[in-house]
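Subject: Structure for you to look at

Hello,

Here is the structure I said I would pass on.

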Amino acid sequence: MCDNDSFDDMVAYRLRQELLSRRGFASLSLGAGVASLLPIGCKSADPAAGPVSAPSAAASGAASAPTASAASAAATTESEVSITTPDGACDAYFVHPATAAAPAILVWPDIFGLRPAFREMGKRLAESGYAVLVVNPFYRTKKAPTSTPHADFEDPATRDALMALAHSLTPETEVTDAKALTAWLDQQASVDKSRKMGTTGYCMGGPQVFRTAATNPDRIGAAATFHGGGLVTDKPDSPHLLIPKMKGHFLIAIAAGDDAKQPDAKGALKAAFAQASLVANVEVYEGTKHGWCPPDSHAYDRDAAEKAWGELLVLLKSGLG
């Protein structure tokens, strides 16, 4: 997640920037101005905002991630599942190729949680040949959906509710979940356990990816974060300090807007991966704002999101065997 204090700092910074933008650039259009300043962990998209894909019926009106071509997409089986953990029952979306066992991928969503956009992204990954579990990280508090469609983080009640959910998670709960969810995946007949497992995370899901990789180093062969928040902090539990415990291949895709706010983070990540002798691509995606990947985000950038998707597939192929 965008860990506690660091997430609060991010929110405060972007809200201050938005107020300044409104005062100084009131004549700018919404698309070019302040609407895209907040991260996906702070504002979800309106259907008319940005060049999103046409929604599918399964997405219940939400924008869809582009899917694999009909010629290359694997037929899939999908279901809503409940996974027992030491802290309760985690509701999740599980989708996998219909005809053969496949490497598993554990997906950690952003602060808006498990929703149609992430189900579409999970299905697209399954169509590329993976058994994909997209979880509700807030199951201890509330079953999905944990936010309303097109929820606006600027609304005080919405912001308070989402921050309460985010702060309900700790490094300890993330480790508990990483253990339980990877174990559940390895119990599924549709998962090829002879191959390594992957994990991906968006915004607040970035640190969850790091803790998953550090908790299961012999199982996680590929891990990717996209506009991950709070990966490098000055706290003793900073996620980047876990890198020496990890194995596998890594993709750390950083929003240009986030890099501008924390320019030293990429160097700290590169140094930590190099010291641990791990294969890692730490990359700033030029011109992107925080939240550019999910297709229901105001910051969605189709071209950059497709580039990130392509690099994810390369990572998974190289890391999962």
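**A cavity and what surrounds it**

Helix 2 gives four residues to the lining of the second largest cavity, the largest share. Helices (H or I, at least four residues) and strands (E, at least two) are DSSP runs, numbered from the N terminus. A cavity is a set of points, on a 1 Å grid over the protein atoms alone, where a 1.4 Å probe fits but cannot get out, and lining residues have an atom within 4 Å of a point.

This is a predicted model, in which local features need pLDDT of at least 70 and side-chain atom pairs count only at pLDDT 80 or more, while totals for chains, interfaces and linings use all residues. Residues are numbered from 1 along each chain as its sequence is written, and side-chain values use heavy atoms, with hydrogens and water left out.

There are two cavities of 30 Å³ or more. By type, seven lining residues are nonpolar, two are polar and none is charged. Here Ala, Val, Leu, Ile, Met, Phe, Trp, Tyr, Cys and Pro count as nonpolar, Asp, Glu, Lys and Arg as charged, and the others, Gly among them, as polar.

**The fold and its interior**

The protein has eight helices and eight strands. Of its 321 residues, 55% count as buried; buried means under 20% relative accessible area, exposed over 50%, and partly exposed in between (1.4 Å probe, protein chains only).

Helix 5 (residues 205–215) is largely enclosed by the rest of the structure, because ten of its eleven residues are buried. Among the elements covering those buried residues are strand 3 (104–108), helix 4 and strand 7 (249–255).

Thr182 lies in helix 4 (residues 171–185) and is buried, with a relative accessible area of 4%. Apart from neighbours within four places in sequence, Thr182 is in contact (heavy atoms within 4.5 Å) with Leu106, Met197, Thr212 and Asn216.

The largest nonpolar core has 39 residues, and Leu133, Leu185, Phe210, Met246, Leu269 and Phe273 touch the most other members. Such a core is a set of buried Ala, Val, Leu, Ile, Met, Phe, Trp, Tyr and Cys residues joined through side-chain atoms within 4.5 Å. A second, separate core of 31 residues includes Leu114, Val132, Ala255 and Trp292.

**Details in the loops**

Most residues other than glycine have a negative phi, and most peptide bonds are trans. The peptide bond from Ala144 to Pro145 is cis, with omega near 5°; Pro145 sits in the loop between strand 4 (131–135) and helix 3 (156–167).

His227, with phi near 40°, is in the loop between strand 6 and strand 7 and is buried, at a relative accessible area of 0%. Ser277, with phi about 60°, is in the loop between helix 7 and strand 8 and is exposed, at 65%.

Regards

Note on methods: On a 1 Å grid over the protein atoms alone, a cavity is a set of points where a 1.4 Å probe fits but cannot get out, and a pocket is an open set with protein on both sides within 12 Å along at least five of seven lines; lining residues have an atom within 4 Å of a point. Grid points are joined across faces, edges and corners, and a volume is the space filled by probe spheres set on the points.
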